[in-house]
Amino acid sequence: MTTAGPTAPTSAPVLPVRTRLAMMLRLLAIQGAWNYETMLGNGIGFCMEPALRLLPGGVHAPAFKQALARESRYFNAHPYLASVAVGALARAELDGEAPERIERFRTALCGPLGSVGDRLVWAGWLPFCSLASLAVFGSGASTAAVVVFFLVLYNAGHLGLRFWGLQTGWSHGLRVASALGNPVLRQGPQEIGRLAALATGIAIPLALGRIIGPGRALLGGVLIAVALGAFLIVRLQSRVEGWRLSLVVLAAVVLYSVIR
Amino acid sequence: MIVLDLIPLALLGGLLGLDVVSFPQAMISRPLVAATLAGALIGNAASGLLVGAALELIALETLPFGASRYPEWGSASVVGGAIFASHPDHPPGSMVLAMLAALATTWIGGWTMVKLRRRNAVWAAARRPALDAGARGAVVSLQLLGMTADFARGAVLTAIAYLVLAPIANACVHLWTIDARVSRAIVVAIAASVAGGAAWKLFHSTPGARWFFVGGLAGGLFLLFAR
Amino acid sequence: MTLLLYRIDDRLIHGQVVVGWGQPLDVGFIVLVDDSVATSDWEQELYRMGVPPNMEVYFNTVEDAVRELPKYRSDPRKGILLTGNIETMRRIAEQAHVDAVNVGGLHARPGRVQRVRYVFLTPQEEQELRALAAGGVRVTSQDVPGARPIPLESLLAGVEE
């Protein structure tokens, strides 16, 4: 026996442009009150609040207050894909879904939105954009070109994802799981991973070449050191993080150079 | 000079510290951007970019997964970028010292983020009855308070770190004894090692990614030595 | 290979599990043990969306999981066994040998008190963790692989550093 899923949605009511814009802007601040107890729960309530004002009776009615209280409780997901939850939950509240059903759905949505977002953005899009920009840097591009390239490329994906999430969540309501099967979300991390691996190969030697500047004569030795160092860091993974190791090694270099 | 630079750098550090998590997470806090902006404030954006690129290689390893604790690169990159940019002739050791200052600040920054998250929980607990009653004022004010505190956190962190670390870096530059080329090579080797390790962790399980990496590396090395 | 990690995490499948642990450890499958999710198609559909196409998810009740454990342990791929609460993990450990359990995330709820950043416990849950340890299971707390594992006594004392 399986439990009954969310019911099929009717066509989505139109959300006023002003409300949609307010929600979109607030989504940029969804983690503003992030804490270890409710995580981004308060942010979910904060982002949905403009839509909840459309509930019968407005902001002073019990329906508004109950919905806002319910939606401001614990929630955890990827901050960009939380827009899917904001849209879907706003739709469910305005459709008058039963509170128990909304709460169960809300709980089930946390993990998948976190996992998909982490794979797609933190482990995919962000490192890809970073590496592609380092390749542009290494190819000798101007300072402004490198910075603009990174910000435009990254934020095209970032803002697009937030906007898509809000739209999709609102259109599908409690049936939003089917939208998470979107090929971009399913296959995207893998494809971006391949591109990022390509960008890694191009970026590391080129960036290294530009940063090293006058030390270019040492390039061969540096490349061998990088291969050995990367191997060591991979072997040490889950015991020590690379940035901590860098901190210790650089501190030792400074002490050696200054004291000797 | 350090004191004159302090206020604009602190404001920039506050803004970029805010971007890391709270608002708007547009990644202006990534070292590549943040250190360049700090360099531009000092009057030498290109130097900021140089140290920003080295820091970006290291930052590839620390991606902000879930609720885990991670270093705060926004304010830290401002400190590192400003210290390096304030030595426009790039004397020996200046990049090592700027990197070390940034890494030390990123460590403290990660700790301050944890403290702020705990403080946000205290503020939320104080508003619990109002939040449970669905008071919109409580929801909105908690959000605004958290963001304001995060901005202040980043600004204070940047100001203190720059005030303490910039004079130390200046003093160390005068005492530096390692050859300039070797100093720079050490930074590059460390940063690229971390980036290589990070990329392996992220992409080695993606089917076909190894071949894409090998192809890219061949192209990258060709371009490097062909110039 | 074997089951590399027995994790208690009320978020079940999420980024720390799939990316944080899954990618560096080359995890090929996740066994999600939850009596309620094991009978809910729509929740299973949602959780499946959270894993990459090359990672398999098995949804088990406690009974099914205990019965299938030998199969999971002899699977050539590496796997993670995941429960959403301590009680479920304790029930598994009572019926099958478990070496070590990782408390990866139990978040704020009424009656729970914060121990470390990501672990909040009720007195009952504290007793259940102690019972697990008394049964020979090594209990530690660790959110991501790069963090230091926190021994049970330190976790209960709220000592994270």
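Student: In this predicted model, how far does helix H3 (residues 45-59) of chain B reach from its first C-alpha to its last?

Tutor: Helix H3 of chain B has 15 residues. At 1.5 Å a residue, 21 Å is expected. The reach from the first C-alpha to the last is close to that, at 20 Å.

Student: How many of the 15 residues of H3(B) are buried?

Tutor: A residue is buried if 20 or more other C-beta atoms lie within 10 Å of its own. H3(B) is largely enclosed by the rest of the structure, because its buried residues number 14 of the 15.

Student: What does the secondary structure of chain B come to?

Tutor: From the N terminus on, the elements of chain B run α-α-α-α-α-α-α-α-α. The C-alpha atoms of the chain fill a box of roughly 65 × 50 × 25 Å along the principal axes. Buried residues make up 61% of its 227 residues. The secondary structure comes to zero strands and nine helices.

Student: Which helix gives the most to the side of chain B that touches chain A?

Tutor: The contact takes 88 residues from chain A and 94 residues from chain B. Several helices of chain B each supply at least two residues of that side, including H3, helix H5 (94-126) and helix H8 (180-203). With 20 residues, the helix that gives the most is H8(B).

Student: How many nonpolar residues does the side of chain B that touches chain A have?

Tutor: By class, this side has ten charged and 21 polar residues. Its nonpolar residues number 63.

Student: In the largest nonpolar core, which residues touch the most other members?

Tutor: This core holds 217 residues. Those that touch the most other members are A:Val86, B:Leu57, B:Met99 and B:Val188.

Student: Which helix gives the most to this core?

Tutor: The helix in question is in chain A and covers residues 99-138. It gives 21 residues to the core. Its name is H5 of chain A.

Student: Leaving aside neighbours within four places in sequence, what is B:Met99 in contact with?

Tutor: B:Met99 is one of the residues that touch the most other members of the largest nonpolar core. Within chain B, its contacts beyond four places in sequence are B:Val51, B:Ala54, B:Leu55, B:Gly80 and B:Val187. In chain A, the contact is A:Leu250.

Student: Is A:Phe231 buried, partly exposed or exposed, and why?

Tutor: A:Phe231 is in helix H8 (residues 219-235) of chain A. A residue is buried with 20 or more other C-beta atoms within 10 Å and exposed with 12 or fewer. Because A:Phe231 has 14 C-beta neighbours inside 10 Å, it counts as partly exposed.

Technical notes:
Residues numbered from 1 in each chain as written. Chains lettered and ligands numbered in written order. Predicted model: local features only at pLDDT ≥ 70, side-chain atom pairs only at ≥ 80, totals over all residues. Helix = DSSP H or I, 4+ residues; strand = E, 2+ residues; numbered from the N terminus. Expected span 1.5 Å × (residues − 1). Contact = placed C-beta atoms within 7 Å. Nonpolar A, V, L, I, M, F, W, Y, C, P; charged D, E, K, R; others polar. Core = buried A, V, L, I, M, F, W, Y, C linked by C-beta atoms within 7 Å.
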